[in-house]
Amino acid sequence: MATITVERKPLSFLERTYIPNIVAGLTTTFKRMIKPTETLQYPEQRPAIPLGYRGVPTLVNDPHGREKCVSCQLCEFVCPPKAIRITPGEIADDEPNAHVEKRPKAFEIDMLRCIYCGLCQEVCPEEAIFLQNQYSMTGFTRAEMVNDKDRLYELGGTLPDQHYKWDKKKSAAEAASHGGHH
Amino acid sequence: MFDFYFDLPLWFRLVLQGTIVILVLFPLAAACSMAERKISAWIQGRPGPNRTIPPFLAWIPGINIIRNLGLFQLAADGGKFTFKEDPVPGNVNKFYFILAPILAMIPALSTISFVPFGAYFKTLADGTRELTPIILANTDVGLLAVFAVSSLGVYALILAGWASNSKYPFLGGVRASAQLISYELSMTLSILPIFLWINAPGGEGTLSLFNVVQTQSQVGFLGGMWYIFLMPVSALVFLVALFAETNRQPFDMPESESDLVGGFHTEYGAFKWSLFFVAEYAHMIVGSGIFCLLFLGGWNPLPWVSLADLVNFGAGFLPIIAAPLVMGLLAITLFLLKVGFFIFFFMWVRWTLPRFRYDQVMNLGWKKLLPLSIANLIFYAVAIAVKDLYFPNL
């Protein structure tokens with residue numbers, strides 16, 4: 001095995017007095033001192049949120065204003081800390097969204113339990129639940145920390161949709177009933 | 001203009017002067033704690049305390065400058081230390097436990113009496129002008145008195161460590177005594193060359209600090225030279241010993257936050273704790289003041305330019321500069337600027353150097369600084385003798 005012998009030079013007299021190194025250190029700290037600070041003045045300045053940030057989980061509408069959640073409860077079952085509770089509800093036949101399977105009657109996320117893991121977003125077949133940019137979640141009571149359905153839609157807003165899955169399904173079903181295949 | 005003042009009884013004037021000096025020194029020492037926080041913050045790339053402001057003052061335009069400097073935070077801290085509960089632990093020796101912070105304050109505030117902080121021209125009865133120091137007690141023992149009183153400060157630390165009746169404070173107290181005794185020797189030896197230099201044999205000897213500044217304000221190359229250029233080794237040894245004597249990093253053995261919790265003040269809280277710290281900062285201020293007087297020409301603006309030169313030059317344009325009050329304030333400002341730089345230097349070094357281990361502190365004190373200061377003393381004793389014998393007119 002090749003061995004490299006490193007020659008350890010004895011310290012020179014000047015080095016043993018520490019003084020050159022102390023001066024070098026003082027120069028470094030002084031340069032640091034006159035540099036602008038790195039601090040973000042938080043409540044006035046807000047951090048830039050990187051793409052793919054996992055903030056507070058929210059429910060979203062599609063651009064037509066339809067709530068996307070169909071209360072399949074996959075997120076409820078996958079949620080590791082069991083923070084999500086969904087009460088499924090029917091959609092009446094006379095409603096414009098009657099072609100959609102179901103919708104949640106109540107949807108609650110307990111933010112004291114949520115661990116921001118993002119599994120709910122990953123598992124959702126309807127792309128209805130998203131962990132968006134909100135990073136600050138505070139409240140004075142435990143009840144305040146539970147986001148109900150209205151609050152979840154308010155936080156989520158509307159996100160663009162590429163599929164319009166239920167509209168396609170509806171027009172396909174209509175085409176089939178008029179005799180075409182599919 | 002101020003004749004009525006000099007008609008007052010002497011004791012009353014002395015009490016008044018002493019009170020005023022303490023009323024300046026105490027808040028100045030307290031303000032050092034904010035300076036410490038701000039400078040440490042800046043060196044670490046943070047802004048430091050900059051949020052506190054009483055809401056009823058927030059409307060004043062430009063007040064944010066004071067707010068950003070953390071001065072309201074300082075007031076809040078002071079208020080907190082004054083009013084918070086001050087518990088005395090059950091197993092301490094109560095009398096000495098309470099005595100210790102008081103003992104820490106007394107030497108810290110009394111050493112200032114021997115430190116001149118400015119000078120002015122006093123017109124004598126025959127019309128000539130004499131440079132007079134602004135000082136509480138212009139005694140001939142001067143520096144000796146400062147050393148004698150300031151070394152009493154260590155008793156407060158030992159007492160605090162012992163009275164706390166607990167392991168860490170005790171270790172801190174023991175370390176404090178060992179460290180301060182070791183470094184006092186080299187500190188005293190390092191300044192002897194100055195007094196060998198200024199006290200010519202046969203003449204009247206003095207240890208007065210005012211006299212030290214006067215000898216740095218003479219005419220000529222050697223006369224106007226600050227002693228830091230004439231005796232750099234003395235200045236270095238004195239400065240290092242000063243760091244040790246004021247328990248500053250890298251010599252913070254009595255406190256040893258990293259291995260002794262808080263050292264001698266572990267059991268202290270609230271106002272008593274803050275007294276220890278005001279005392280430490282007061283020591284720093286007085287110590288930096290003495291360094292400036294001994295090695296940096298006191299209130300002289302530049303080497304080879306004395307305060308008298310500056311005032312005589314300035315009075316050519318603006319005669320009021322030579323007035324005692326203006327000249328005194330000018331001298332005090334120049335002196336405080338130098339002291340302020342050293343306070344900054346203390347804090348700057350704190351965030352630059354890692355702290356020494358206990359054995360390294362002892363090694364440096366006994367094996368490096370003490371021989372160095374003795375060699376320095378012998379060198380200057382010989383050099384001054386040679387100069388006096390062969391080059392008396394240099």
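Me: In this text, helices (H or I, at least four residues) and strands (E, at least two) are DSSP runs, numbered from the N terminus. This is a predicted model, where local features need pLDDT of at least 70 and side-chain atom pairs count only at pLDDT 80 or more, while totals for chains, interfaces and linings use all residues. Residues are numbered from 1 along each chain as its sequence is written, and chains are lettered from A and ligands numbered from 1 in the order in which they are written. Let's start with Ala83(A): is it buried or exposed?

Reply: Ala83(A) sits in the loop between α3 and β2 of chain A. A residue is buried if 20 or more other C-beta atoms, placed from the backbone, lie within 10 Å of its own, exposed if 12 or fewer, and partly exposed in between. Ala83(A) has 22 C-beta neighbours inside 10 Å, so it counts as buried.

Me: Which residues does Ala83(A) contact, beyond its neighbours within four places in sequence?

Reply: Contact here asks for C-beta atoms, placed from the backbone, within 7 Å. Thr58(A), 25 residues away in sequence, has its C-alpha 13 Å from that of Ala83(A). The contacts of Ala83(A) outside four places in sequence are Ile109(A), Asp110(A), Arg113(A) and Cys114(A).

Me: Happy to move on to the sheet in chain A. In what order do its three strands lie?

Reply: Two strands pair if DSSP finds at least two bridges between them. β2 (84-89) and β5 (146-147) of chain A each pair on one side only, which makes them the edge strands. Six bridges join β2(A) to β3 (residues 103-110), and these two run antiparallel. The open, antiparallel sheet has the order β2-β3-β5.

Me: At about what angle to β3(A) does helix α5 of chain A run?

Reply: Axes are lines fitted to C-alpha atoms, for helices over the stretch in contact, and angles run from 0 to 180 degrees between N-to-C directions. Helix α5 (residues 149-156) lies across β3 and β5 of chain A, and its angle to β3(A) is about 80°.

Me: Over in chain B, which residue in the turn of the β1-β2 hairpin has a positive phi?

Reply: Five bridges join β1 (residues 119-123) to β2 (residues 129-133) of chain B, running antiparallel. Tyr120(B) stands opposite Thr132(B), and Lys122(B) has Glu130(B) as its bridge partner. Five residues separate the two strands, and the one in the turn with a positive phi, about 90°, is Gly127(B).

Me: Lastly, how many charged residues are on the side of chain A that touches chain B?

Reply: The contact takes 11 residues from chain A and nine from chain B. Ala, Val, Leu, Ile, Met, Phe, Trp, Tyr, Cys and Pro count as nonpolar, Asp, Glu, Lys and Arg as charged, and the others, Gly among them, as polar. On the chain A side, four are nonpolar and four polar, and the number of charged residues is three.

How values were computed. Contact = placed C-beta atoms within 7 Å.
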